[in-house]
Amino acid sequence: MLALTDTQFERIEALERQRFGAALAPVLAGIWPAVAERLGPRWPAFVASAVERAAGHGIAACGPQADFVALCGLWGASFDARPGFEWAAEILRSPRLDGRLKVHQLLARARAELPATGPLNRPGFDAALQRSAVIVAALERATGVFADMPDPTPLVTCDLATVRLAVGTGEPLTLQDAPAEPLSLAVLAPTTLKLAVDALGGCGRHPELRHDGPAGRLQWRGTDARRLALPLPAPREAEPGLTGIAHSPGPALHQFTVGTCGVREAGAPFGSLAVSVQAFARTAWQLGLHHGDWPATRWPEPEPLVPAALQLRLEADGREVDTAPWQPQWLDLQAQWRKGLDKLFNAWARGVEQPTLEAESRLLAGQARLAWAWRETPEGIAMQASGRIDLTAAALDLRLAGQLRWGDSLAELRLQASGQSLWQQEVDPATPLESVACSWRHPLTLTLLPCLTGDPALLHARLGLTGALAGKAGLRPRPDGRGHQWFCRIELEPVLLPLSRLDPVLGEQREMRPLLPALTLLDWSAG
């Protein structure tokens, strides 16, 4: 396939203008005889010069070039630089007008200034332009280099005068010119988008309104597109299943395009208008939670698990939503914590003799209420949540006991982690949900009582015991990105005991006895 460079294409265009200008002079002389007679032998050169000036203003098509030559003959070769023709200079220099539209507006102004009767009147002017269009179209085909150029279509006034948009019962937005930036709206649905179009002229196909939305494409033309009220339904969740806290279906995208030819007799054209609308569900969600206490238990033979009382209620616009997927997750909190204590007891049993563990614990006991919805804010549509947390994040009393041996020396050892962390927090729309949380750290305390055995050496604990139960509970984003979930994580820091063995013969011996390693006792989430 033959490909032309930019330089080659410019040379071909210059050749076309030269050939067209030479052939145009005798044609226009027959259409505008008074002008050609006034210029006499200078007429061919005048036509060639006017064609080049037209190209300099971006007027590339042959028909508009011929009309521009006629205007130069009527008003003078440099009419746009003459006093009283400032409006013509403004048209020719406008970056929002293409070459054909520039000539269209110049001709409209010229026709408006002509008298109804006289040597050069409006009917004669229109008739001359019609003859010129027919003859020039044939001339263009005869002189053009490219044979596949389409036949030009006459310009007809077809543009938008005013567009009014209103959402629901809100104040309408009135546009009399195309916006500098693409128009984008965010609305709460279900609602109605009202559109009113005032058009200039009309080509028979315009104005045209096209709506591309979740349901597909709809189109209206002509008078049907001038006044419309289009319902915007609330979007639905794309994925099945119960979503998390502070999640509502994402916005549905609606694209509206109002199309015209963008042709008017004066001024910059409005052209077409594109409006992008994001429709957010206005559903209001409410969650109520009540979580009961847990019974105490003891190792090495723990009592059977007795589930805590649990009440979960979720509503969407007052309609109850089934929370069955959440119920087992919350009930599993107690079971996971029991497994964590099993892990703790097993680790404890590896370092001491006759190990025991007693646990009185409550996690996330109490009540909470949260509400969330998409809401209108000064910055646009945003997810907002509010509510109150009244929970005991962690009330723990863990007591570990056993006998610690070093050689033939023996001591009774007791470790205890005890503390209570209340989680009382107001949640308002300005509260980041990641900050809806509670942290705690319960240090371990130690009691070491030497036992009397046949060995005279005694065991003593020095200062510097390390270890604590640290935890955090709150809300965090779900892995699937569909809102937030509850979580609770508890970890045991390594427990190291500075230990001394006092022997009346050998003196003092010291060591750092590891009692418990670092353990993750709980990593739970729900919702």
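Predicted model: local features only at pLDDT ≥ 70, side-chain atom pairs only at ≥ 80, totals over all residues.

## Exercises with worked solutions

**Exercise 1. Find the salt-bridge partner of D523 and say where the two residues lie.**

Step 1: Look for a side chain of opposite charge. Side chains of opposite charge can pair when their charged atoms come close.

Step 2: The partner turns out to be R489, with 2.8 Å from N to O. That is within the 4 Å cut-off for a salt bridge.

Step 3: Check the partner's surroundings. R489 has 31% relative accessibility and therefore counts as partly exposed.

**Exercise 2. Work out which parts of the chain the salt bridge between R362 and D293 ties together.**

Step 1: Get the distance. The closest N and O atoms of R362 and D293 are 3.4 Å apart.

Step 2: Locate the residues. R362 belongs to strand β14 (residues 353-377), while D293 is in the loop between β10 (285-291) and β11 (297-299), so the bridge ties together parts 69 residues apart in sequence.

Step 3: Zoom out. The salt-bridge count comes to 28. Some residues join up in a network: R298, E358, E360, D397 and R399 are linked this way.

**Exercise 3. Decide whether L475 is buried or exposed, and list what it touches.**

Step 1: Find L475 in strand β19 (residues 468-477).

Step 2: Compare its accessibility with the cut-off. L475 has 2% relative accessibility, so it counts as buried; the limit for that label is under 20%.

Step 3: List the contacts, skipping residues up to four places away in sequence. L475 touches I245, L370, L433, E434, V436, H484, Q485, W486 and F487.

Step 4: Now try a residue elsewhere. The C-alpha atoms of L475 and A60 are separated by 65 Å, and the two residues are 415 residues apart along the chain.

**Exercise 4. Describe the aromatic pair of W32 and F125.**

Step 1: Pick your numbers. A pair of aromatic rings is described by the distance of the centres and the angle of the planes.

Step 2: Read them off. For W32 and F125 the centres are 5.9 Å apart and the planes make 55 degrees, and the pair is tilted.

Step 3: See what gets connected. W32 sits in the loop between α1 (6-31) and α2 (33-39) and F125 in helix α7 (residues 122-143), so the pair ties together parts 93 residues apart in sequence. Both W32 and F125 are buried.

Step 4: Look at other rings. The whole structure has 13 aromatic pairs. One aromatic cluster is formed by F68, W75, F79, F85 and W87, and the charged end of R109 sits over the ring of W87, 4.2 Å from its centre.

**Exercise 5. Name the residues that touch the most other members of the largest nonpolar core.**

Step 1: This core has 71 residues, and the answer is W330, W337, L344 and W486.

Step 2: Find the main contributor. Strand β15 (residues 380-406) supplies the largest share, 10 residues.

Step 3: Look for another core. A second, separate one has 43 residues, including V35, V69, L71 and W87.

Notes:
Residues numbered from 1 in each chain as written. Heavy atoms only, no water. Helix = DSSP H or I, 4+ residues; strand = E, 2+ residues; numbered from the N terminus. Buried < 20%, exposed > 50% of the residue type's maximum accessible area, 1.4 Å probe, protein only. Contact = heavy atoms within 4.5 Å. Phe/Tyr/Trp six-rings, centres within 6.5 Å; stacked < 30°, edge-to-face > 60°. Lys NZ or Arg CZ within 6 Å of the ring centre and 35° of its normal. Salt bridge = Lys/Arg side-chain N within 4 Å of Asp/Glu carboxyl O. Core = buried A, V, L, I, M, F, W, Y, C linked by side-chain atoms within 4.5 Å.
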